[in-house]
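Biologist: I am new to this structure. Could you please take me through its sheet, its helices and its core?

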Amino acid sequence: MRKTALVALVGALLATGATFEASATATAAANSATADFTADFTAANASDVAGAAAALPEKFATHSAALARLREGGLASKFPKPKSTGNCTTRAKGVTNCTSLEKVNKKTVEGMRVFAQKSGCKIQITGGTEWGHAPRNVPDPDNHAKYKSHWNGYKLDVSTKAADGGTCVTNYITTHYRRDGSVDGHPRYISGGGNWYVNEGSHWDVTYF
């Protein structure tokens with residue numbers, strides 16, 4: 001083989017090697033970028049899913065399950081049967097004469113249990129997750145997930161009547177919680193945990209955040 005041909009062959013081989021190395025480097029870089037993107041996307045998606053799950057409070061599926069939990073641990077005498085004008089526990093749109101605990105937030109139930117334990121009062125519930133509570137000057141909050149409403153499980157009404165243990169409830173709230181303005185003209189008290197107790201006359205409208 002002539003020297004000129006040999007030099008040309010060696011040059012071609014070197015060029016091919018450089019091209020292969022550059023291609024391999026580019027492929028590795030692309031794979032790395034893809035892996036980084038996949039990892040970032042997966043992490044972001046997991047964060048979104050976790051955030052969505054955190055935004056949805058756990059609830060009791062039935063009225064009876066929620067009431068049973070309220071009464072656990074020796075609290076049966078503190079939580080008599082919830083009162084309603086219709087003597088019923090139905091949770092359904094259009095039904096306004098029942099008192100239901102169906103779909104109440106578990107955090108709401110636990111908050112009420114703590115209140116009963118600390119106050120020592122009997123707690124007569126007169127309003128729960130049933131249809132028909134006041135809209136609070138906003139369009140139909142009972143149907144909107146963002147509202148801390150009765151329908152969405154955040155609120156319970158507790159009787160202020162003396163025969164229902166209401167005097168004890170009122171005395172405890174007004175002496176242990178901070179008075180903080182009003183809600184629709186009704187005096188509001190806020191507990192150390194940030195929960196609201198609004199005196200609406202016949203009952204306390206209690207919100208557990």
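Predicted model: local features only at pLDDT ≥ 70, side-chain atom pairs only at ≥ 80, totals over all residues.

Biologist: Which residue stands opposite Arg-178, and how many residues lie between strand 3 and strand 4?

Modeller: Arg-178 stands opposite Ile-190 in strand 4. The two strands form a hairpin with two residues between them, and Asp-184 in the turn has a positive phi of about 55°.

Biologist: What about strand 4 and strand 5?

Modeller: They run antiparallel and are joined by three bridges. They too form a hairpin, with five residues between them, where Gly-194 in the turn has a positive phi of about 90°.

Biologist: What is the strand order in the open sheet?

Modeller: The six strands have the order 1-2-6-5-4-3, with antiparallel pairing. The edge strands, each pairing on one side only, are strand 1 (125-127) and strand 3 (178-183).

Biologist: Turning to helix 4, which of its residues are buried?

Modeller: In helix 4 (residues 166-176), the buried residues are Gly-166, Val-169, Thr-170, Tyr-172 and Ile-173. Buried means under 20% relative accessible area, exposed over 50%, and partly exposed in between (1.4 Å probe, protein chains only).

Biologist: Why are they on the same side of helix 4?

Modeller: They are on the same side because they cover an arc of only 165° around the axis, taken from the directions from the helix axis to the C-beta atoms. Thr-175 and His-176, on the other side, are exposed.

Biologist: And the largest nonpolar core: how many residues does it have?

Modeller: It has 26 residues, and those with the most contacts inside it are Met-112, Phe-115, Ile-123 and Tyr-197. Helix 3 gives the most to this core, with four residues. A nonpolar core is a set of buried Ala, Val, Leu, Ile, Met, Phe, Trp, Tyr and Cys residues joined through side-chain atoms within 4.5 Å.

Key:
Residues numbered from 1 in each chain as written. Heavy atoms only, no water. Pairing = 2+ DSSP bridges.
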